[in-house]
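Here is a short briefing on one protein model. Keep the sequence and the 3D view open as you read.

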Amino acid sequence: MIPLHSHPSGRHFLQIPGPSNVPDRVLRAIDNVTIDHRGPEFGELGRAVLSGMKKVFKTESHVIIYPASGTGAWEAALVNALSPGDKVLMAETGHFATLWKKMAVKLGLDVEFMDGDWRHGADADKVKARLQADTQHEIKAVCVVHNETATGVTSNIAAIRQAIDSAKHPALLMVDTISSLGSIDYRHDEWGVDVTVSGSQKGLMLPPGLSFNAVSAKALAASESARLPRSYWDWKEMIAINGKGYFPYTPATNLLYGLHEALEMLFSEGLDNVFARHDRFGEATRRAVNAWGLEILCKNPAEYSSVLTAVIMPEGHSADAFRKTVLTHFNMSLGQGLTKLSDKVFRIGHLGDLNDLTLCGTLAGIEMGLEKAGVPHRKGGVLAAMDYLAGSVAAPAVKAA
């Protein structure tokens, strides 16, 4: 392990699927002097970031910003819209879907967890069948993780919405976009999502510390009669003061500076270009993995993530030992396997502040690491990725004068 006081030459490659690399201009923005969070300058900042986040979520409804991790946003979604004992249908797509389920149980909700193999997304047909069987409408919410960070599998949220509508069921739809927002196309309003949960440390290119709820009118109406205890997370108190750009308690002022800068970067590039860039990087990475002769965890190509790729280690080889080799020799961090996947997979993050050369450097470090760690593979993964990147269309890195 590289000690904290060690400073190897060159930059550290942080290629875990979040927290992602924070751009220098965002770090410089965070470095601004803290201002009065009740003053007029802060009001302008608050209104700007709240308006900007609506564009990212693609919603005309309310977006609420908390000083918290994504876990806090999970809790806010549940406690604002539900009551003790409410039945909730959740899809087991991986580690983070499981953690959200555990939280719901702790909060006193009656959770029905739809089994999954951690290699596929949420099954819309199964959701529809279960809701059709719920003739008494006991299920109050359906909860799905859009992009499962532990597995590299993306669920089709539009199909889940269609399943709910086809079943003619009134359940709320809650979606976790913690690792997809700002990297993969997401449409809160168009897809009929009632509560979308997200965090700052992935596609938004910020340090951890901000979390978000995008909330539909239907969810707001449900919150009026919801009886789970809430204080810090209360949507109503937030919305009452957010209109003027303020918050009911001390906000994370400097992180909001960073959010403002990150939004400027996303909108300058154009959200569609951001999504296309991530799609290219996901495809290039998968081509490298296939050329190495290794197996991608996600089974269904239609569900491949553009944020990360989880790679299965060959039988008899330790993913953690391989990651340690890469960190020690090449100063690069790769994501570890979590719970069921512990020591069985490594995860390549290709999200956020990333370009073609950074991705090629990442894949080169992996290919050299496979060789140094004695992991069976074929050479040529980096070349396969380079050939694809050179032949595919990318938005210009620098705009013409």
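Axes are lines fitted to C-alpha atoms, for helices over the stretch in contact, and angles run from 0 to 180 degrees between N-to-C directions. Helices (H or I, at least four residues) and strands (E, at least two) are DSSP runs, numbered from the N terminus. This is a predicted model, in which local features need pLDDT of at least 70, side-chain atom pairs count only at pLDDT 80 or more, and totals for chains, interfaces and linings use all residues. Residues are numbered from 1 along each chain as its sequence is written, and side-chain values use heavy atoms, with hydrogens and water left out.

**Helix pairs**

- Two packed helices are described by the angle between their axes and the distance between the axes.
- The axes of H12 (residues 356–372) and H13 (residues 381–391) come within 9 Å and cross at roughly 165°.
- H12 and H13 are therefore roughly antiparallel. Angles under 35 degrees count as roughly parallel, over 145 as roughly antiparallel, 65 to 115 as roughly perpendicular and the rest as oblique.
- On the H12 side, the contact (heavy atoms within 4.5 Å) is made by Asp356, Leu359, Cys360, Leu363, Ala364 and Glu367. H13 brings Gly381, Val382, Ala385, Met386 and Leu389.
- By class, this contact of H12 with H13 has eight nonpolar, one polar and two charged residues. Ala, Val, Leu, Ile, Met, Phe, Trp, Tyr, Cys and Pro count as nonpolar, Asp, Glu, Lys and Arg as charged, and the others, Gly among them, as polar.
- The axes of H7 (residues 217–225) and H8 (residues 235–242) come within 11 Å and cross at roughly 125°.
- That angle makes H7 oblique to H8.
- Ala219, Leu220, Ser223 and Glu224 of H7 touch Trp235, Lys236 and Ile239 of H8.

**Second largest pocket**

- A pocket is an open set of points on a 1 Å grid over the protein atoms alone, where a 1.4 Å probe fits, with protein on both sides within 12 Å along at least five of seven lines.
- Its lining residues have an atom within 4 Å of a point.
- The second largest pocket is lined by 22 residues, and His146, Thr154, Ser155, Asn156 and Ala302 lie nearest its centre.
- H6 gives the largest share of this lining, four residues.
- The lining has twelve nonpolar, seven polar and three charged residues.

**Backbone details**

- The peptide bond from Gly18 to Pro19 is cis, with omega near 0°. Pro19 sits in the loop between strand E1 (13–15) and helix H1 (24–30).
- Met205 is not a glycine, yet has a positive phi of about 65°. Met205 lies in the loop between strands E9 (195–199) and E10 (210–215).
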